[in-house]
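Here are my notes, in the order I'd go through the model with you. Have the structure open while you read.

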Amino acid sequence: MPMQLPIPIAAAESHTAINLVVTGFLFVVVVLMILAGITWLGGKYFAARDAAKPPLAKKTVKPPKTAAPAATASAAPSSNEGEHLTAVITAAIHVALQDQRFRVRSIRRMAPGWAQEGRRQIFSSHRLR
């Protein structure tokens with residue numbers, strides 16, 4: 001004997017399910033609109049705050065005045081390539097130290113250990129299990 005459901009109950013349950021889905025969808029849309037409004041207001045606030053600030057002065061890099069001659073005199077490069085290398089190293093130190101006084105006493109070529117150091121860093125970055 002087949003079981004029959006009363007039609008009014010099945011229709012009422014389907015309406016309840018549709019109402020639940022529509023209500024949930026509208027709730028999500030309203031929450032997303034509120035979050036979008038908060039984000040938009042935050043953007044307007046930060047844009048207005050940045051517009052009120054005076055523009056930053058452009059920082060100019062001064063060439064080294066006293067450090068470069070001392071470095072070239074003390075390093076005493078024997079070739080033109082050595083002079084260029086000394087100038088580049090001195091300029092890099094000057095930029096790194098940002099206008100602090102320094103003196104390059106000597107520049108020595110190190111043993112070719114850069115490849116080994118790179119391999120050591122790669123191997124030490126891996127976790128052993």
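Predicted model: local features only at pLDDT ≥ 70, side-chain atom pairs only at ≥ 80, totals over all residues.

1. A word on terms before we start: buried means under 20% relative accessible area, exposed means over 50%, and partly exposed is in between, using a 1.4 Å probe and protein chains only.

2. Residues are numbered from 1 along each chain as its sequence is written, and side-chain values use heavy atoms, with hydrogens and water left out.

3. The overall picture: four helices and zero strands, running α-α-α-α from the N terminus on. Helices here are DSSP runs (H or I, at least four residues), strands are E runs of at least two, and the numbering goes from the N terminus. Of the 129 residues, 6% count as buried. The protein exposes about 12,300 Å², and carbon and sulfur atoms supply 66% of that; the areas come from the Shrake-Rupley method with a 1.4 Å probe, and for residues only the protein chains shown count as cover.

4. Now the annotated stretch. UniProt lists residues 20-43 as "transmembrane region" in an unreviewed entry; such annotations may be inferred rather than shown by experiment, feature names are shortened, and positions are given in the numbering used here. In the model that span is 100% helix and 0% strand, with its end C-alpha atoms 35 Å apart.

5. How many salt bridges does a search of the whole structure find? Two, taking a salt bridge as a side-chain nitrogen of Lys or Arg within 4 Å of a carboxyl oxygen of Asp or Glu. One joins the side chains of Arg49 and Asp50 (3.9 Å, N to O). Arg49 is partly exposed at 38% relative accessibility, and Asp50 is partly exposed at 45%.

6. Glu117 also forms a salt bridge, with Arg120, and the closest N and O atoms are 2.7 Å apart. Both residues lie in helix 4 (residues 114-125), three residues apart, about one turn of the helix. An α-helix has 3.6 residues a turn, so residues three or four places apart point the same way. Arg120 counts as partly exposed at 47% relative accessibility.

7. Which residues of helix 3 are buried? Gly82, Thr86, Thr90 and His94. They cover an arc of only 105° around the axis, which puts them on the same side of helix 3; the arc is that of the directions from the helix axis to the C-beta atoms. The face turned away from the buried side carries the exposed residues Glu81, Val88, Val95 and Ala96.

8. Last, a few details around helix 3. Thr86 is buried at 5% relative accessible area, and its C-alpha atom is separated by 9.1 Å from that of Val104, 18 residues apart along the chain. Just after helix 3, Gln98 takes a positive phi of about 55°.
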